Amino acid sequence: MTSLQFDIAHLLAGGMLVLSLLLLYQDRILATLNVFALQAIVLSLAVAWQAYVQGAMHLMVTAVIALVVKGFVIPGALNRIVYRLGIHREIEQVIGAGPTMLTGLGLIALSILLVMPVKVGVTALAREDLAFALAVILLGLLMMITRRNAVTQIVGFMSLENGLILAATGAKGMPLVVEISVAFSILIAFSVFGIFVFRIRERFDTVDLGALDRFRRERSTLQ
Amino acid sequence: MMSPVLFLLLIPVAATLLLGFIAHYRIGALLNVLASGATLATAIALLFTERVRTDVFIIDDFNIYLVILTAFVGFTTSIFSATYIGHELEVGKLTPVFLRFYHALYQAMMAAMNLALVSNNVGLLWVGVEVATLSTVMMVGVYRTPEAIEAAWKYFILGSVGIALAFFGTILIYLVAQPVIGEGLPAMAWDMLLRNGARFDAKLLSLAFVFLLVGYGTKIGLAPFHAWLPDAHAEGPTPISAVLSGLLLNVALYALLRFKMVLATHPDTLNVGMIMISLGLISLVFSGFMLYRRRDIKRLFAYSSIEHMGIMTFAFGMGGPLANFAGLLHMTMHSLVKPAIFFAVGHIAQVKGTQRISQIRGLSVTHPVLAVGLALGVIAIAGLPPFGMFLSEFMLVSSSFARQPLLALILVAGLLIAFGALMLRMQDVLFGEPSGPAGGVKASYIPLFVHLTLALMAGLWLPEPMVRWFRAVAAQLG
Amino acid sequence: MPIRVGLACVAAYLVAAVLAAAVGGRRVAPVLIYGAMTAVSAVGLGSALFALVTGDLKTQLALPLGLPLSGGSVRIDALSAFFLLVVNLGGVAASVYGLGYGRHERSPLRVLPYIPAYLAGMNLVLMADDAFTFLVAWEFMSLASWALVLADHRREENARAAYIYIVMASAGTLCLLLTFGLLAGPDGGYAFAAMRETVEPPLIAGLVFLLALAGAGSKAGLAPLHIWLPLAHPAAPSHVSALMSGVMTKVAIYGFIRIVFDLVNAPASWMSLIVVALGGITAVLGVLYALLQQDIKRLLAYSTVENVGIVFVGLGLALAFRAHDMSVPAALALTAALLHVLNHSFFKSLLFFGAGAVVHASGERDMERLGGLIHRMPHTAVVFLIGCAAISALPPLNGFVSEWMTFQAILVGPQLPHWGLKLIVPAVGALLALATAFAAACFVKLFGMIFLGRARTPAARTAHDADGFSLAAMYGLAALCFLSGIVPGILIDVLAPVAQTLVGARVPEQSGVAWLSVVPIAASRSSYNGLVIFSFLICSGVLTAMVIHRYATRATRRSAFWDCGYPDPSLATQYSGSSFVMPIRRVFGTALFDIRETVDMPPPGARRPARFSLKIFDPAWRFAYGPATRAVWTIAGKLNRLQFLTIRRYLTLVFAALIVLLIVVAAWR
Amino acid sequence: MAIIYELAAQGMQMILVLAVAPFILGVTRRFKARLLRRIGPPLLQPYRDIWKLMHKEAVMAHGASWLYRSTPYLLFASTWVAAALIPTYSTGLLFSWSADLIAIVALLATGRFALALAGMDVGTAFGGIGSSREMLIASLAEPAMLLVVLTVSLVAGTTQLSAIAEHMIHGSVGLRVSLGLVLFAFVFVAIAENARIPIDNPATHLELTMVHEAMVLEYSGRHLAMIEAAAALKLTLYFSLLVCLFFPFGIATGDKSIVAFAIGLGFYLSKITLLAVLLPIGETAVAKMRVFRYPIFLGGAFATAALAVFLLFVSQGF
């Protein structure tokens with residue numbers, strides 16, 4: 001492929017990585033949602049670009065799904081949940097923003113360290129994408145565990161999954177990518193649904209008396 | 001081509017769709033049993049048809065007996081579930097509405113597991129495992145108690161993360177295979193991977209395995225990825241606990257082993273064995289200790305499942321003909337014995353109206369048959385002769401002590417710790433002054449004792465074909 | 001031929017077990033099952049004797065069952081034939097006893113099915129010729145006996161005993177499993193024949209030895225692994241206690257001999273040193289503890305520990321001599337040990353039967369609440385007295401013969417060219433002498449408290465003698481005690497092939513010796529003739545009595561006892577068991593156990609009686625087992641916190657593990 | 001013919017010990033009295049006592065069982081047999097090989113066992129005390145005794161008394177330190193076993209000091225006679241054992257002629273009479289011990305014997 005195509009793909013992937021760092025940095029839920037929507041849009045662009053480059057038009061489906069579902073529908077839904085459940089807007093982070101960012105950088109370094117030595121046969125594009133995707137995945141996971149709030153955790157999970165889609169589309173001619181991306185969207189829909197129906201916050205951590213008694217009774221009944 | 005393999009998938013799928021519309025409990029249960037029986041029949045038919053190998057499906061020594069095992073346990077569990085769920089309906093813990101889901105999901109799960117087992121494609125395998133997981137998530141939450149929902153949610157979140165990581169591993173596998181094999185399905189086919197494994201990029205292969213290990217390890221329930229397992233077992237309906245322990249964990253382990261085979265073909269990949277050994281030992285010792293403070297009887301046996309998964313992982317990590325043989329045998333025995341225990345426990349919980357161990361005493365006085373069933377089950381699961389697990393643990397411990405004395409000592413310590421806990425709880429439940437209601441049991445003991453008989457038989461005499469399969473697979477596992 | 005019969009016996013036992021499970025509830029069940037068991041074990045006994053006498057041995061047989069790769073096999077050689085003799089003899093006795101005793105079993109379904117299974121397991125252990133068969137049978141034996149210990153499961157301490165028993169048993173089994181793992185090597189030569197072929201390097205051999213000692217020793221009750229034994233043995237019904245104490249410990253000893261003498265090819269001095277020392281310590285500790293017991297059956301169980309110690313002393317000496325190529329003394333020591341195995345199975349079964357009769361007749365296991373039963377249960381008293389005398393190693397009974405031979409071996413000990421053994425062996429000899437004296441004291445106490453003096457409780461006053469079957473079993477064993485004490489030469493000759501196969505030598509032919517006396521090494525060195533001693537004793541005693549009655553007077557008058565002028569008819573003035581052992585307890589006990597004696601004396605003028613309380617703790621519990629259990633529980637408690645983490649924390653665990661693994665991959669080149 | 005001669009010799013020895021035992025007892029009593037400035041009983045008094053007791057009617061407590069009646073005879077028989085198997089005037093008698101040193105000690109243990117049981121039969125406090133203390137003493141004495149046996153057998157290479165005696169005469173034993181120590185230990189053990197001062201006082205019936213006497217407190221008449229005779233026999237037994245082990249000179253070893261027997265007999269009688277004289281001297285020199293000082297006394301014996309064994313190793317080289 002030409003270097004231009006390569007550079008654009010590289011740019012988009014890098015953009016996603018930057019955006020997940022930004023996600024990690026956010027301390028307000030709504031902003032988090034917006035950044036996530038942005039990341040989803042960049043993802044759809046990246047996928048579309050891959051579809052164009054690889055001439056695999058079926059990947060467009062994935063791109064569209066990413067755009068519609070994760071770019072607009074889910075952030076909207078989450079917005080409503082935030083209002084409905086009256087989750088306070090500030091995110092309690094487990095560890096401060098600074099350490100989180102440092103850890104994030106460390107993870108990026110680790111992922112590059114892991115992927116770079118790979119030589120045999122794998123195209124440079126795939127390798128770059130892979131490094132970024134791995135970084136995005138790890139950052140998403142990091143976000144899941146540094147946030148105390150179910151909504152933000154779901155956001156983390158979704159950005160993780162963005163990384164997956166990125167990697168999958170980066171893999172040239174991989175079968176079933178579309179189907180799997182669809183499956184993932186359904187999965188996420190489930191999770192959002194779950195939060196919504198079961199009113200799930202992080203049970204044991206929220207300072208909420210009802211939750212506390214529940215917690216005690218759980219100890220007695222479960223254990 | 002209308003090979004039995006297709007039926008393995010079609011029958012449960014059809015049953016799923018059909019059961020989705022049947023609200024009546026008896027018909028639903030009957031249909032469930034029939035469908036499972038038919039699946040079992042097809043699975044057995046596999047033995048007599050020639051081995052299939054396409055880009056999508058494959059039948060070889062490894063999965064053929066797992067398919068049969070899965071179908072068999074699925075069948076017996078469906079019988080058990082018929083009586084069990086009947087009782088739950090009478091008590092009112094379940095409503096027919098949810099029951100419709102229950103049966104449909106049961107078949108869906110069977111279909112997914114069969115898919116995972118017979119697929120020749122790492123992607124399909126992944127899909128199968130995930131669908132099975134999701135369907136069990138729904139079933140775990142079926143009681144709608146806060147604890148159940150809690151458990152289901154925990155299971156769901158951890159499971160999804162596992163899904164994601166496993167998927168990334170799968171992508172990596174494709175990436176590593178694609179340059180060598182070429183694009184498309186073949187690059188994801190087991191046999192192709194096995195054949196060309198030696199030419200893959202070792203680094204990327206190892207990276208892939210790490211993600212697959214974490215991803216599928218979550219499904220296997222290895223510590224520290226085990227968190228969902230005890231809750232899911234304890235809060236879900238007992239048939240599901242049985243199937244989870246007996247089958248789903250196996251399927252996940254099966255997937256992991258397939259990938260280990262691929263790695264085994266490459267000389268200078270990461271030392272996977274050591275990682276698996278350490279994970280196995282951690283799970284074994286950890287769950288061994290966790291067994292002591294258990295107050296809920298189903299949770300107790302959930303932890304014992306973690307323990308046994310740890311033993312198997314240790315065995316496969318140890319490698320070598322004997323240890324691998326032991327691991328495979330242990331796998332089989334565990335999915336025979338653990339469901340049997342859950343059958344017994346389910347009935348016990350129903351007759352005593354509680355799962356609290358402290359409220360169940362002197363069972364051998366009030367319900368002798370159940371007591372004998374539970375006793376035999378625990379004796380078998382604790383690795384005492386003449387049951388099959390003794391055979392596998394015998395081979396595992398003795399062979400690994402000659403090779404890795406220290407690791408074997410840790411293994412033995414773990415086994416002993418777990419044994420102590422299991423025996424303690426079993427004596428509490430079975431003996432002493434009886435407590436709780438002494439009412440009769442409305443249950444079919446057939447599944448329970450069929451399982452136990454098979455485990456007993458395996459302990460004394462393994463049929464020739466099984467030995468052949470095991471040895472072949474053991475050789476492949478390296 | 002014997003091997004087929006043996007397998008048939010095992011099968012028959014198993015069938016009997018299933019049958020018992022089926023018909024256990026009926027009234028005929030005990031008679032049926034025990035009758036069948038009697039027949040089967042009689043057949044087994046016969047075939048074992050036949051094998052041992054005619055030397056129709058080394059008959060191996062491959063089994064269709066067992067290990068999938070190599071398959072199982074069974075075999076009878078001199079050693080296993082001898083132990084089969086012991087086991088089935090105990091089986092016959094216990095079955096005959098059970099014919100009477102088993103009738104008043106409260107819940108037969110908890111006993112009947114397991115005894116045949118138990119015997120089957122023990123028989124199979126002795127015939128096994130590969131590691132897998134051996135361990136299966138071994139653990140099966142443990143399981144069956146565990147079920148029997150739980151026969152009276154409503155008593156809390158029984159459940160505790162059973163739990164400790166099963167855990168220790170499987171710990172021992174794991175030790176043996178490791179042993180066989182080492183012997184078999186990485187590619188699994190599990191057949192004993194293959195193990196005999198391979199010569200282990202000294203390090204491996206040492207490890208094997210230690211593991212075997214731990215595995216078999218824990219089953220045999222070797223200190224400090226004995227703690228389960230005095231809890232479990234008494235908990236079972238008495239004839240089962242007899243089997244456990246008189247027979248199962250012997251099966252454990254068989255396991256030890258089989259591994260250390262037969263399968264391991266490099267005996268070293270330090271091994272024998274350990275065994276001899278442990279044996280001596282076990283003997284003294286066991287009997288001293290027995291001396292302090294109040295519970296009849298527990299006392300007997302502890303005395304089993306003592307006798308196991310004596311046997312192990314013999315075995316250790318045999319090892320030592322074998323290690324230094326002194327094959328004749330080795331044969332002597334081994335023969336002494338095996339003879340003691342046989343003798344102990346005689347009188348320990350007898351004593352447990354007697355204890356069972358007493359407990360059944362009076363409902364009391366506490367000897368402080370019995371007394372005077374010699375009048376109520378004359379027959380039981382006679383046989384029990386014989387048992388007590390035999391186990392106290394008094395000539396002309398059998399216990400003395402085997403201990404005498406052990407002492408002879410000890411006297412040869414100083415000739416060993418190893419200074420450690422030179423010093424240890426005399427010390428152990430002194431320990432054995434001490435143990436013998438303690439045993440005498442212990443059984444004087446036991447018999448005195450139960451049968452002599454005046455009945456201390458109404459229960460003891462209304463006791464009745466045992467039924468015909470029980471008495472038949474007991475008289476039979478008593479007769480055996482006499483015979484093997486008076487003409488031990490025959491048994492020693494029967495044992496010759498065993499020694500021949502294991503240490504390559506035998507004690508001199510005894511059947512040729514004049515007057516049927518026993519000559520372990522050479523007539524000039526030492527000899528003993530039970531027959532002459534016995535006849536002299538009888539003649540002189542009876543003669544004197546007759547002379548006095550004939551020529552002096554035979555007049556007798558009954559009156560109240562004199563008691564040095566302070567006759568006090570109240571029962572409380574009798575000497576109690578604890579007061580009987582008080583001097584020994586004060587002199588020896590306080591050093592070995594921590595014994596707390598507390599007297600609370602009422603203040604002057606108070607009406608209440610003074611109270612004396614006595615607490616005895618086993619150091620093994622305080623220093624080894626207690627801490628271990630506590631450690632497990634604390635760790636379990638700490639780990640248990642992981643039960644209650646939040647989902648986020650669990651995810652953190654997963655994440656951490658993932659990162660670690662990734663770093664491993666990154667670091668790995 | 002020869003066999004009859006041998007039988008006669010053996011029987012002669014049985015008669016001898018039985019006949020001489022009360023006399024030895026008489027000698028000790030007499031000398032003790034003299035040492036205490038008393039006239040003391042005539043030397044033959046023990047014979048008269050036993051004779052008298054044998055003709056009295058036996059008074060038995062109501063609760064007494066058959067064990068109680070038969071014990072005296074068993075005790076007497078076992079002691080007698082044991083005593084008769086120790087070479088007195090000649091070695092290698094017909095039945096001398098039917099019991100070695102260990103067996104003889106064990107025979108005495110049999111008698112003790114029976115007597116201890118008999119002491120508990122009636123169910124009195126004193127009987128219990130006696131049996132319990134007797135057992136304590138035995139358990140203290142036996143290890144020391146075994147070490148004595150061990151040392152002697154190490155020196156002589158056998159536990160057959162005849163063989164030991166012959167070896168001590170012919171064999172190049174010489175004077176050994178270990179033998180001296182062993183003699184010391186043996187004397188201690190003998191004192192304890194025979195219930196002499198300082199362990200026990202056969203002449204007292206003071207409640208708390210009795211051991212042996214407490215056990216036989218209830219006995220009377222012919223039974224008591226048997227017990228007294230057995231006690232006398234036991235004393236003689238230990239004397240002749242000491243003689244046989246340590247000072248066997250003069251005993252008939254090789255030829256079994258009447259003359260040799262006569263010489264041996266003369267030596268034997270003079271030696272044990274000498275011992276019977278020496279014993280009271282020792283006894284009057286010391287005082288009776290408290291029960292809980294026995295361990296020190298017999299522990300001393302044990303330590304000495306152990307030292308003897310050790311020295312023997314040193315002299316023989318490891």
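A residue counts as buried if 20 or more other C-beta atoms, placed from the backbone, lie within 10 Å of its own, as exposed if 12 or fewer do, and as partly exposed in between. The model is predicted, so local features need pLDDT of at least 70 and side-chain atom pairs pLDDT 80 or more, while totals for chains, interfaces and linings use all residues. Residues are numbered from 1 along each chain as its sequence is written, and chains are lettered from A and ligands numbered from 1 in the order in which they are written.

Start with strand E2 (residues 73-76) of chain C. C:Ser73 and C:Arg75 point one way, C:Val74 and C:Ile76 the other, and all are buried. Helices (H or I, at least four residues) and strands (E, at least two) are DSSP runs, numbered from the N terminus. In a regular strand, side chains alternate between the two faces of the sheet. E2(C) pairs with strand E1 (residues 59-62) of chain C in the antiparallel sense, over four bridges; pairing takes at least two bridges found by DSSP. C:Gln60 stands opposite C:Arg75.

Now turn to the contact between chains. 49 residues of chain B are in contact with 46 residues of chain C. Contact means that C-beta atoms, placed from the backbone, lie within 7 Å. Among the elements of chain B that give two or more residues are helices H6 (146-181) and H17 (405-430). H17(B) gives the most, with nine residues. The side of chain B that touches chain C has 38 nonpolar, seven polar and four charged residues. Here Ala, Val, Leu, Ile, Met, Phe, Trp, Tyr, Cys and Pro count as nonpolar, Asp, Glu, Lys and Arg as charged, and the others, Gly among them, as polar.

Note on methods: Two residues are in contact if their C-beta atoms, placed from the backbone, lie within 7 Å.
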